[in-house]
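Please give me a guided tour of this structure. I have it open in a viewer and would like to know what to select next and what is there.

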Amino acid sequence: MTEKKFDPVIVGFFCNWCTSAAADLAGTSRLHYPASIKPIRVMCSSTVDPVYLVRALQEGADATILGGCHPGDCHYITGNYKARRRVAIVKTVLKSLGFEDTRVLLEWISGSEGPKFARVMNDYTDYIKKCGPSEFKYLDSLGGEKVD
Amino acid sequence: MAMKRIGVFICHCGRNIAGTVDVKRVAEEIGKREDVAFSTTYVFMCSQPGQKLIEDSVKKYNLDGVVVANCSPTLHEKTMRNAAARAGLNPYRVEIANIREWAAWPHEDNPDAATRKAIRIINATIEKLKANASLEPIEVPVIRRALVIGGGVAGMQAALDIADSGIETILVEKEATIGGNMFRLSETFPTLDCPQCILTPKMNDVAAHPNIKLYTYSEVEDVEGFMGNFKVKIKKKATFVDWDKCTGCGECLRVCPAHADSEFDLKMAKRTSIYIANEQAVPLKALIDENSCIRLQFEKKVKEGKIKPKKNVKICSKCADVCEPNAIHFQNNEEIVEEEVGAIIVATGYEVMPAEAFPELGGKYPDVITSLQFERLLAPSGPTAGIPRRPSDGKVPESIAFVHCVGSRDPQNGVPYCSRICCMYTIKQAMLVKHAMHDAAVYDFYIDIRSNGKGYEEFYHRAKEEYGVNFIRGKVSKVYKVGDKYRVQGVDTLTGRIVEVDVDMVVLATAAKGSSTVKEIAKKLRIPYDEWGWLKETHLKLKPLETPVGGVFIAGAAQFIKDITDSVSQGSGAAAKVMALLSKPELEKEPLLAKVDPEICAGCGRCKDQCAYDAITIDPVRHVSVVNEALCEGCGACSANCPTTAIQVVNFKKGQVVRAIDVLAEVF
Ligand SMILES: Cc1cc2nc3c(=O)[nH]c(=O)nc-3n(C[C@H](O)[C@H](O)[C@H](O)COP(=O)(O)OP(=O)(O)OC[C@H]3O[C@@H](n4cnc5c(N)ncnc54)[C@H](O)[C@@H]3O)c2cc1C
Ligand code: SF4
Ligand code: SF4
Ligand code: FES
């Protein structure tokens with residue numbers, strides 16, 4: 001068997017008002033970052049149910065990144081503080097199951113920070129490449145349940 | 001019911017997308033899906049024929065959902081939704097897959113990866129779309145009143161235009177007079193108009209307009225609500241004077257023994273502790289500066305127990321003693337008032353970096369000042385009556401050096417951008433110095449002259465040819481004191497030689513930044529700003545006056561430093577936006593809001609704790625959560641905290657998002 005180069009899958013949840021705008025700006029400015037980032041726009045970082053992060057890891061992602069507005073700047077006033085708490089919970093759960101909690105990343109990237117967006121995506125992809133594929137997807141016991 | 005006949009339209013965007021993403025391969029791949037009835041590509045989906053393609057296809061293939069894979073939804077989501085609606089498809093059955101900014105452009109170095117990523121984004125979008133419900137916009141009543149924040153020339157123009165259309169307008173200005181920075185200027189390029197002469201009529205119109213309610217020396221304290229329905233708290237700062245009684249006669253100013261730096265003159269002069277912002281202030285009212293007033297400071301110390309008042313001691317009340325209408329009461333009359341408005345314009349203007357920020361350019365010396373300070377010294381109504389004098393010793397300078405681009409185009413020491421107006425005002429100032437003092441030696445150090453406006457280049461040539469200003473192309477590296485003079489040292493970039501001149505005064509054209517209050521105000525309004533304090537528009541080219549928050553607009557130098565012509569134009573432009581918005585009796589609100597399934601809600605209240613808008617109540621009888629649609633903003637914070645999935649945001653339901661995640665996370 002030939003060893004394939006590890007090309008990680010990183011699901012990115014980007015809030016509509018800040019980090020999605022930053023992603024747009026990074027694109028418009030033709031800043032490059034790896035296609036490993038698989039993005040989805042959510043209205044606010046607080047929309048992101050811990051289940052979303054876990055589900056992404058379980059379905060095959062090697063990491064997840066949640067991007068929101070800077071503290072105090074959330075379009076919905078305090079959504080990012082709520083997100084921060086939820087991410088902390090997910091990290092604790094991952095750790096207690098014996099997985100690296102660095103596979104969930106929370107970053108504040110504002111709409112004018114296109115260069116920061118590209119930098120974070122580059123750095124995080126590099127980091128995950130070093131970590132190697134996530135084992136979490138092989139954890140069958142968590143699977144099965146349908147969410148509606 | 002999940003959609004079964006979806007149409008997918010992949011845009012080439014000329015070569016913007018198709019130059020990287022293999023759009024044909026994408027269309028074929030997506031066309032294989034069972035739930036996709038039609039999949040195609042087109043060169044420009046946003047064009048008329050592109051929209052027509054959607055309309056025709058919806059009818060021809062009886063589509064029950066549409067995905068357009070093109071640019072950011074901020075640009076064309078509305079266009080595409082409208083196209084589908086014209087063909088009878090509910091607009092909420094249309095979703096955008098952003099494959100330009102999010103795939104083609106950032107991965108232009110890897111076309112294969114970009115193509116695969118585009119396919120993945122489209123598949124995820126289809127999974128989300130499939131369970132979208134048909135929705136109707138929610139109608140909310142509109143309050144036909146407007147708020148303008150900032151009473152500079154841009155804000156005044158906006159307020160006047162809106163008020164002229166019959167809409168009541170509230171203008172809030174933080175200083176004790178309206179007029180903004182323009183009122184500080186000596187004369188204005190390129191016409192050399194006197195700004196006071198052309199601005200006072202506008203200021204008086206604002207004060208006298210039956211549809212304008214003016215709050216000066218006031219600040220916006222809090223903003224609640226949404227487009228069409230904002231509740232605003234305004235803080236009227238303490239003046240210690242009853243403005244209903246004050247006639248602006250100025251008697252008090254003559255007797256006040258205490259002094260402080262004049263805000264209006266930017267420290268180029270002192271004012272008394274009780275003061276009127278300037279001689280032509282609107283409104284012409286006196287106020288006391290608490291920090292320098294002998295009486296108020298004394299009272300404060302007594303209150304804090306720092307001093308014990310002796311019996312029969314007469315503490316200063318000189319101003320009150322001479323005030324005929326008895327307006328001065330020394331009472332802290334700070335007050336919060338509430339206003340309701342349907343739309344808001346932010347016109348909070350700019351500030352310039354202080355000279356002190358550039359010690360190597362002599363900013364620490366009193367005779368090295370900013371251009372804006374120098375405007376006050378050149379102004380006929382200013383502290384030196386238009387003949388500049390050195391702040392250190394009052395001497396009329398015989399030689400002056402002007403330095404362009406101080407902090408501008410210099411990310412290390414200031415900002416990366418060009419402050420845009422400095423070349424022109426420096427040329428103007430050099431000319432005015434020559435006007436006032438024919439024999440003065442004037443040196444103008446520039447990197448290059450940017451004179452890109454109507455009449456600007458001609459103005460520059462006049463300065464060179466008629467006025468004999470010495471223009472030196474060179475970057476100044478150092479300013480230091482030599483005896484009574486300041487030595488300006490730089491390199492003439494045309495000859496490569498070191499230049500040194502000794503002058504009496506140095507004027508630094510320091511970089512402009514957004515108002516220092518902008519962060520606070522932007523946070524209250526939830527609108528974005530950048531690290532230099534400029535408010536961020538929705539789209540730099542096509543929506544320069546809009547912000548992502550519906551009903552909130554920006555105008556003038558608050559968006560980015562600009563000249564008076566452009567500030568006034570933006571003021572009028574933003575006013576037109578507000579008038580259009582307030583012309584309708586009702587506004588449409590996006591129906592993408594939280595909804596509760598009472599069958600599974602446990603009434604635990606965990607959603608209620610999360611809502612920043614108090615949109616949720618727990619019905620005490622049925623013991624289930626109820627969402628107030630007028631208040632809900634659709635953030636989804638509630639749903640992420642609900643243990644039963646009872647509360648969800650319409651068309652962002654968990655099942656939809658999870659299915660999209662499954663596609664995104666898949667390894668292949
Ligand atoms: C040295 C210099 C010389 C210039 N000369 C010329 C010239 O000759 N010709 C020309 O065309 N242009 C000139 N300009 C540019 C000109 O000053 C601006 O174009 C103009 O003042 C912009 O108007 P504005 O209303 O947008 O902002 P501003 O004039 O800055 O007004 C903003 C107003 O908002 C108020 N404000 C700020 N924050 C708040 C808040 N939080 N709440 C309430 N109120 C607030 C401020 O107090 C101010 O009154 C010059 C600029 C400089 C620096
Ligand atoms: S959190 Fe969920 S279950 Fe609890 S009250 Fe709110 S909607 Fe009902
Ligand atoms: S989505 Fe939920 S938390 Fe957000 S505003 Fe609406 S009710 Fe409140
Ligand atoms: S909208 Fe960006 S974090 Fe809430």
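Start with ligand 1. Of the 36 residues around it, Glu173(B), Phe189(B), Tyr350(B), Ala557(B) and Lys562(B) come nearest. Keep in mind throughout that this is a predicted model.

**Contacts of ligand 1**

Select Glu173(B) and show its side chain: an N or O atom there is 2.6 Å from an oxygen atom of ligand 1. Next, select Phe189(B) and display its backbone, where an N or O atom lies 2.7 Å from an oxygen atom of the ligand. Then go to Thr517(B). An N or O atom in the side chain of Thr517(B) is 2.9 Å from a nitrogen atom of ligand 1. Ligand 1 taken alone exposes 1,000 Å², and the protein buries 97% of that.

**The shell around ligand 1**

Which element gives the largest share of the shell around ligand 1? Select helix 11 of chain B: the largest share, three residues, comes from there.

Colour the shell by residue class next. The residues around ligand 1 divide into 15 nonpolar, 13 polar and eight charged. Colouring by domain gives another view: the shell draws at least three residues from each of domain 2 (145-237 + 340-348 + 547-586) and domain 4 (351-513) of chain B.

**The domains of chain B**

Keep the domain colours and zoom out. Besides domain 2 and domain 4, chain B is divided into domain 1 (6-135), domain 3 (251-333) and domain 5 (590-650). Select domain 3 and domain 5 of chain B together; their centres, taken over C-alpha atoms, are separated by 53 Å.

With the whole of chain B in view, there are 18 helices and 31 strands to find. The C-alpha atoms of chain B fill a box of roughly 85 × 75 × 45 Å, taken along the principal axes. Of the 668 residues in chain B, 57% are buried.

For a sense of distance, select Val23(B) and Asp502(B). These two residues are 479 apart along the chain, and their C-alpha atoms are separated by 66 Å. Val23(B) is in helix 1 (residues 23-31) of chain B. Is Val23(B) buried or exposed? At 8% relative accessibility, Val23(B) counts as buried.

**Ligand 2**

Move to ligand 2, which has 14 residues around it; Cys601(B), Ala602(B), Cys604(B), Cys607(B) and Cys642(B) come nearest. By class, this shell has nine nonpolar, four polar and one charged residues.

**Backbone details in chain B**

Return to Phe189(B), and follow the chain to Pro190(B). The peptide bond between Phe189(B) and Pro190(B) is cis, with omega near -10°. Pro190(B) is found in the loop between strand 7 (168-172) and helix 7 (195-208) of chain B.

Another cis bond leads from Val282(B) to Pro283(B), with omega near 0°. To find Pro283(B), look in the loop between strand 13 (274-275) and strand 14 (287-288) of chain B.

Two further stops concern phi. Tyr217(B) has a positive phi, near 50°, and is a residue other than glycine. Tyr217(B) sits in the loop between strand 8 (212-215) and strand 9 (218-226) of chain B, and is buried, with a relative accessible area of 18%.

His623(B) is not a glycine either, yet its phi is positive at about 60°. Select the loop between strand 29 (616-618) and strand 30 (625-627) of chain B to find His623(B). At 46% relative accessibility, His623(B) counts as partly exposed.

**Chain A**

How many helices and strands are in chain A? There are four helices and four strands. From the N terminus on, the elements of chain A run β-α-β-α-β-α-β-α.

The C-alpha atoms of chain A fill a box of roughly 45 × 35 × 25 Å along the principal axes. A compact globule of 148 residues would have a radius of gyration near 15 Å, and chain A agrees with this at 15 Å. Buried residues make up 54% of the 148 residues in chain A.

Notes: Residues are numbered from 1 along each chain as its sequence is written. Chains are lettered from A and ligands numbered from 1 in the order in which they are written. This is a predicted model: local features need pLDDT of at least 70, side-chain atom pairs count only at pLDDT 80 or more; totals for chains, interfaces and linings use all residues. Side-chain values use heavy atoms; hydrogens and water are left out. A residue is near a molecule or strand if one of its heavy atoms lies within 4 Å of it. Ala, Val, Leu, Ile, Met, Phe, Trp, Tyr, Cys and Pro count as nonpolar, Asp, Glu, Lys and Arg as charged, and the others, Gly among them, as polar. A polar contact is a pair of N or O atoms within 3.5 Å; within protein, one must be able to donate a hydrogen and the other to accept it, and residues adjacent in sequence count only if both atoms are side-chain atoms. Accessible areas come from the Shrake-Rupley method with a 1.4 Å probe; for residues, only the protein chains shown count as cover. Helices (H or I, at least four residues) and strands (E, at least two) are DSSP runs, numbered from the N terminus. Domain bounds come from an automatic or database domain assignment. The radius of gyration is taken over C-alpha atoms; the globule rule is 2.2 Å times the number of residues to the power 0.38. Buried means under 20% relative accessible area, exposed over 50%, partly exposed in between (1.4 Å probe, protein chains only).
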